[in-house]
Amino acid sequence: MSSPEAENEPSTGPVTDLPAVAPQLRSLRRRASLTLEAAARAAGLSPAHLSRLETGQRQPSLPMLLALARIYGTTVSELLGETVADRDAVVRAADMEPTAAAGWTYWQAGAPGRGMQALRVHVPYGSQGDIVRVHPGEEWLYVTQGRLRLRLGDTTHRLGPGDSAHFDSLTPHRIAALDPDGVELLFVHTLLQSPTATLCLGPVTGEMP
């Protein structure tokens, strides 16, 4: 007969080659003013299993890290104890170098290493309209120029300048420009700031979110 924690544990296997997370798990739970029992219940775990994670007897799976980060109001990066050097809060236009990927051109509009990534994006006409994306996180986009076709699940939306959209990235989505000159967007999406990001988002070379 399986144990309660085995029944409640997500099916995805444990994340390997990660920094020790036990010290952060306990301190961040306490910072969130949650008891072991309350945090375990919210994460779909047994208190015994969460206790083993906090004492280093077990390694968390990727779904566990995502769930606990959400419950504790933090990032996967902080759960893993990663630190990021101080960053300049201001990004100057002259420092925004264009990067091309799979037909899109984008400019980094925010500091790297944050829990969100801000971009200025140009999507040319006829590019990537058939690529469907699904990944953890949230996305927000704002059309500054041109018209956009946004498909979310089974629903298609047409957006023009001044229109915006905010959606869960686990909803299958695809973006296409409707005008020959393409469409210009401001784009913000959440990132997993940790070594687990590649497990969630897959290869990023030549691919835009």
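Both Arg-29 and Glu-54 are buried, a word used here for residues under 20% relative accessible area, with exposed over 50% and partly exposed in between (1.4 Å probe, protein chains only). Residues are numbered from 1 along each chain as its sequence is written, and side-chain values use heavy atoms, with hydrogens and water left out.

**Charged pairs**

A salt bridge here is a side-chain nitrogen of Lys or Arg within 4 Å of a carboxyl oxygen of Asp or Glu. By this rule the count comes to three, and here they are:

| Salt bridge | N to O distance |
|---|---|
| Arg-29 and Glu-54 | 2.6 Å |
| Arg-26 and Glu-54 | 3.3 Å |
| Arg-147 and Asp-179 | 2.8 Å |

Arg-29 lies in helix 2 and Glu-54 in helix 4, 25 residues apart. Arg-26 also belongs to helix 2 (residues 22-31), and 28 residues separate it from Glu-54 in helix 4 (residues 47-54). Glu-54 has a relative accessibility of 6% and so counts as buried, whereas Arg-26, at 29%, counts as partly exposed. Shared partners join Arg-26, Arg-29 and Glu-54 into one network of salt bridges.

The bridge between Arg-147 and Asp-179 connects two loops: Arg-147 is between strand 4 and strand 5, and Asp-179 is between strand 8 and strand 9, 32 residues apart. Arg-147 is partly exposed because its relative accessibility is 42%, while Asp-179, with a relative accessible area of 18%, is buried.

**Overall build**

The protein has seven helices and nine strands; these are DSSP runs (H or I of at least four residues for helices, E of at least two for strands), numbered from the N terminus. Of its 209 residues, 39% count as buried. Contact means heavy atoms within 4.5 Å, and among contacts with a separation of 6 or more, 67% are between residues 24 or more positions apart.

**The nonpolar cores**

A nonpolar core is a set of buried Ala, Val, Leu, Ile, Met, Phe, Trp, Tyr and Cys residues joined through side-chain atoms within 4.5 Å. The largest one has 19 residues, and Val-121, Leu-141 and Leu-148 have the most contacts inside it. Strands that each supply at least two of its residues include strand 3 (116-123), strand 4 (138-145) and strand 9 (183-190). Another core lies apart from it, with 18 residues, among them Leu-25, Ala-43, Met-64 and Ala-69. Beyond four places in sequence, the contacts of Leu-141 include Leu-148, Phe-167, Ile-175 and Leu-186.

The predictor's confidence in each residue, pLDDT, runs from 0 to 100. It averages 76 in this protein, and 74% of the residues score at least 70. Strand 6 (residues 155-159) has the highest confidence, at 97, and helix 7 (residues 197-201) the lowest, at a mean of 35. Over residues 1-19 the pLDDT stays under 50, with 35 contacts beyond four places in sequence in the model. Residues 192-209 are also below 50, and that stretch has 45 contacts beyond near neighbours in sequence. Where pLDDT is low, the predicted coordinates should not be read in detail.

How values were computed: This is a predicted model: local features need pLDDT of at least 70, side-chain atom pairs count only at pLDDT 80 or more; totals for chains, interfaces and linings use all residues.
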